[in-house]
Amino acid sequence: MRKISEIRDAVVASRGSGELVMLSMRVMVATGVSLKDPKPEHDSDPARVQQVRKALTDLGVTV
Amino acid sequence: MSGSTTNTAAARGFRSAHTAATQSREIVEDLVAQFGEDCDPRLVLTFFHHDADGAKITGLLSERWPSAQVVGCTTAGEFTETHAGQGGTVALALSGEVITNAAAEIAGFRQGTSDGVDAAIARLESGLGSKLRDLSPSTHIGLLMVDGMHGDEELVNQRLGFHAPSLSFVGGSSGDGLEFTRTRVFCNGRESDHGAVFVVLEARVPFVILKTCSLRPGPHHFTVTRADVTQRVVHEVDGRPVLQAYAEAVGIPPEELDSQVFMRHPWGVMVGDDPWVRSPREVLPDGGLRFFCQIPEGMPLSVMENTDLIAGMRTALDGVRADLGGAAGGAVLFNCILRRLQMDADGLHQAWLELLADLPTAGFHTYGESWLGHMNQTCTGIVFAPVSEGTTPGA
């Protein structure tokens, strides 16, 4: 997965959409990047994608 | 009772109290007397001066109400809905009409923060008979009080998110009256000056999280490009020296960056329209800027501008009352020390108390607030709905 939106879709598939809102808020507070609605300039930015992956891993979510 | 007291509101299920007594037994006797002989709490939250013997106070309260969890911490000032000050003790008792069940644990971080959190969560889950991630966030909520001197808050919040991604833990970092030497947290007679206290409660009434700050994003925005995250230091933003960029944004020379500028123009991570504020703490000799929160490289931030603190709090309280169906029953609030300093300077404490009138409240001025992460310059807390007619105490 090279886009944040792809990671988001994988999170929804594995954890359900109910958990996405809180997970996205936690990722946003930790990184400033939205998992739920990534800005276009963030979505494919490798550095941002890596930030989101790490934040999710810290929360016990691997995709 | 030798200490002066402040009469506080008593709504059904919630009782708040303040005492100016300084000796542990007198403090406890005064709180118990104000709560009343018929008080039967499931949870007692108490916040007090940093010289107080919190282990004795929470221990004596636990002896008085063995079925209650009694937790607390030292502060940079305390308040109820009728009293605001420093050096006293405040408390809020929540009865079985408000809470079905509460569990509390103290975590020590001397052997490692993550390990300390994980061990305390395991004990909490054992006591509750359930994994935290299996609890419903519509009926369960967590409280946390973290010692405010070791910079563990980000990792603590991260581990709480790991164990319970959908469950909110709301709280604050304990204070020591701006001495910045030693802060403590307490749980049922035990204490830690390098740790945290966690509470998980099951509510019988609706609740909402209040989070407000008197700040809005200004026209200047940065992305952090070089930082020492664990030391909470930023060195560069947008590839430029941080002091130069920050000073330009607020329209002053870099050498004039001081605590007054920091308070008026902290930085904020925008989550939708809501800022999670990171407050600058000090300019470092090497040209770095130390914050009260961690800021990782790559984080986009806005330089904030001040708004009206009292108007913001009024709007926040009106909002949570509306969310609760029109009325609130009780509140626990964590208000940043930087906001208290602004309230001191601008003479806002009486206006603050008028906002809280008739809402049984206990709160303290913190060294940082927690909800989903660590932040500064907010008032963050939990507001409960009133107990409705026909509600009986839980088993």
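Q: How many residues does the contact take from chain B and from chain A?
A: The model is a predicted one, and residues of it are in contact if their C-beta atoms, placed from the backbone, lie within 7 Å. Counted in that way, the contact takes 15 residues from chain B and 16 residues from chain A.

Q: Which element gives the most to the side of chain B that touches chain A?
A: Two or more residues of this side come from each of helix H4 (153-163), strand S19 (267-271) and strand S23 (300-306) of chain B. The element that gives the most, with three residues, is H4(B).

Q: How do the residues of the side of chain B that touches chain A divide into nonpolar, polar and charged?
A: This is the side to which H4, S19 and S23 of chain B each give two or more residues. Its residues divide into 10 nonpolar, five polar and no charged.

Q: How many residues of domain 1 of chain B are in contact with domain 2 of chain B, and with how many residues there?
A: The domain assignment gives domain 1 of chain B as 5-212 + 309-384 and domain 2 as 227-304, and the C-alpha centres of the two lie 29 Å apart. The contact between them joins 12 residues of domain 1 of chain B to 10 residues of domain 2 of chain B.

Q: Which element gives the most to the side of domain 1 of chain B that touches domain 2 of chain B?
A: H8 and strand S27 (374-375) of chain B each supply at least two residues of this side, whose residues divide into three nonpolar, eight polar and one charged. The element that gives the most, with three residues, is H8(B).

Conventions: Residues numbered from 1 in each chain as written. Chains lettered and ligands numbered in written order. Predicted model: local features only at pLDDT ≥ 70, side-chain atom pairs only at ≥ 80, totals over all residues. Domains from an automatic or database assignment. Contact = placed C-beta atoms within 7 Å. Helix = DSSP H or I, 4+ residues; strand = E, 2+ residues; numbered from the N terminus. Nonpolar A, V, L, I, M, F, W, Y, C, P; charged D, E, K, R; others polar.
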